[in-house]
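Please keep the sequence and the structure in view while going through the numbered points.

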Amino acid sequence: MAVVTLENVKKVYPLGKQKVEAVKGISFKIEKGEFAAISGPSGSGKSTLLNMVGLIDLPSDGRIIIDGIDVYDGFDLGSTLLEADRLNNYVEKKDKASQKIKNTIPNKLDRRITALRRSHLGFIFQTFNLIPVLNVYENIEFPLLLESKDKSLACPVDSFTRKQKEEWIHFLMDKVGLSEWEKHKPSELSGGQRQRVAIARALVTKAPVILADEPTANLDSVNSAQILSLMKDLNRDPDLQTTFIFSTHDKRIVDMCDHVVHIFDGLVKQDEYKTGSDVYGTAE
Ligand SMILES: Nc1ncnc2c1ncn2[C@@H]1O[C@H](COP(=O)(O)OP(=O)(O)OP(=O)(O)O)[C@@H](O)[C@H]1O
Ligand SMILES: [Mg+2]
């Protein structure tokens, strides 16, 4: 079964009185266990698409189905966005950033999205986004502290005992090669090590899908090769069975993927299935 399905997804950004159509009607499926990439030139809509798959950004139209759950079913995206826009404008004038976030989408949809993000989606950002005051162990543990209120969307780790959670975090630290760095803060780690923490944190809830927006953009080629090889190992690990979806214009990542959705100017140019290489090649 597909773990991510997009049907005719569109994204229009308001830009003053004009509109930017960043994504113009995109459909594709990602099956469980794929090592997949959304690839295309700068400005083609990769990050916009990945943010919509990750439920960070709302589509303007279309359907997004995550592991059989039709995320926006029962909600009118058009009027939700209009309302969000109205509230944003209103709140921005009053400069109340927290209220802006709270008011942006209806509570019921907000709860569904928050729960789904936690139970089904892990994120790896190009700037790592670790919490500076927490050490490696605590950064990895962090998503487990945000327990879902919606029990139907709880993650498998929520039912672990404290000891089992500790063992699971140690297992992940070992997987990403950071066992000896447990007590260190992000500022004491290299870029590659920080990205390893981010990978372990993305895996900690046992989310079936891990999303990574240009994961090697801030790494040199040696660290990029190590990070990609680690992600490929995790993808193949029968205990984890994690699906990876990258947004990238790095040909070396694209070459490693077994499914590549090539996009151009907000549309799918080619939906390609192939055998991905095991190695992150050298730059030409
Ligand atoms: N918040 C926004 N408001 C207005 N326009 C936006 C916004 N975010 C993105 N866009 C526009 O949408 C289009 C797609 O942007 P996006 O960031 O998804 O491209 P990308 O493929 O990820 O590019 P890159 O490879 O440079 O990261 C661009 O034309 C961009 O200017
Ligand atoms: Mg981008």
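1. Two strands pair if DSSP finds at least two bridges between them. Helices (H or I, at least four residues) and strands (E, at least two) are themselves DSSP runs, numbered from the N terminus. By these terms, β6 and strand β7 (residues 209–213) are paired in the parallel sense over 4 bridges. Within this pair, Leu-121 has Val-209 of β7 as its bridge partner.

2. The model is a predicted one, in which local features need pLDDT of at least 70 and side-chain atom pairs count only at pLDDT 80 or more, while totals for chains, interfaces and linings use all residues. Residues are numbered from 1 along each chain as its sequence is written, and chains are lettered from A and ligands numbered from 1 in the order in which they are written.

3. The strands β6 and β7 belong to an open sheet of 6 strands, whose order is β6-β7-β8-β3-β9-β10 and whose pairing is mixed. The edges are held by β6 (121–124) and β10 (267–273); each has a single partner strand, so one side of each is left without a neighbour in the sheet. From one strand to the next, the twist averages 15°; angles here run from 0 to 180 degrees between N-to-C directions, and axes are lines fitted to C-alpha atoms, for helices over the stretch in contact.

4. A further open sheet has 4 strands in the order β2-β1-β4-β5, with antiparallel pairing. Here β2 and β5 (69–70) stand at the edges with a single partner strand each, so one side of each lacks a neighbour in the sheet. β1 pairs with strand β4 (residues 61–66) in the antiparallel sense over 5 bridges, and Thr-5 has Ile-65 in β4 as its bridge partner.

5. How many bridges join β1 and β2? Their antiparallel pairing runs over 11 bridges, and Val-4 stands opposite Ile-30 in β2. The two strands form a hairpin with 2 residues between them, and Gly-16 in the turn has a positive phi of about 60°.

6. Of the 13 residues around ligand 1, Tyr-13, Ala-22, Ser-42, Ser-47 and Thr-48 come nearest; a residue is near a molecule or strand if its C-beta atom, placed from the backbone, lies within 6 Å of it. β1 (2–15), β2 (18–31) and α1 (46–53) each contribute at least two residues to this shell, and the largest share, 3 residues, comes from α1. The shell comprises 4 nonpolar, 8 polar and 1 charged residues. In this classification Ala, Val, Leu, Ile, Met, Phe, Trp, Tyr, Cys and Pro count as nonpolar, Asp, Glu, Lys and Arg as charged, and the others, Gly among them, as polar.

7. Helix packing may be considered with α5 (residues 136–145) and α7 (residues 191–203), whose axes come within 7 Å and cross at roughly 30°. That angle makes α5 roughly parallel to α7; angles under 35 degrees count as roughly parallel, over 145 as roughly antiparallel, 65 to 115 as roughly perpendicular and the rest as oblique. The contact is made by Val-136, Asn-139, Ile-140, Phe-142 and Pro-143 of α5 with Val-197, Ala-200 and Arg-201 of α7, two residues being in contact if their C-beta atoms, placed from the backbone, lie within 7 Å. These residues divide into 6 nonpolar, 1 polar and 1 charged.

8. The axes of α5 and helix α6 (residues 162–175) come within 10 Å and cross at roughly 125°. α5 and α6 are therefore oblique to each other. On the α5 side the contact includes Tyr-137 and Leu-144, and on the α6 side it includes Ile-169 and Met-173. By class, this contact has 7 nonpolar, no polar and 2 charged residues.

9. Are α7 and helix α8 roughly parallel or oblique to each other? They pack at an angle of about 20°, with their axes 10 Å apart, α8 covering residues 221–236. α7 and α8 are therefore roughly parallel to each other. Among the residues making the contact are Gly-191, Gln-195 and Ile-199 of α7, and Asn-223, Ile-227 and Leu-230 of α8. The contact of α7 with α8 divides into 6 nonpolar, 5 polar and 1 charged residues.
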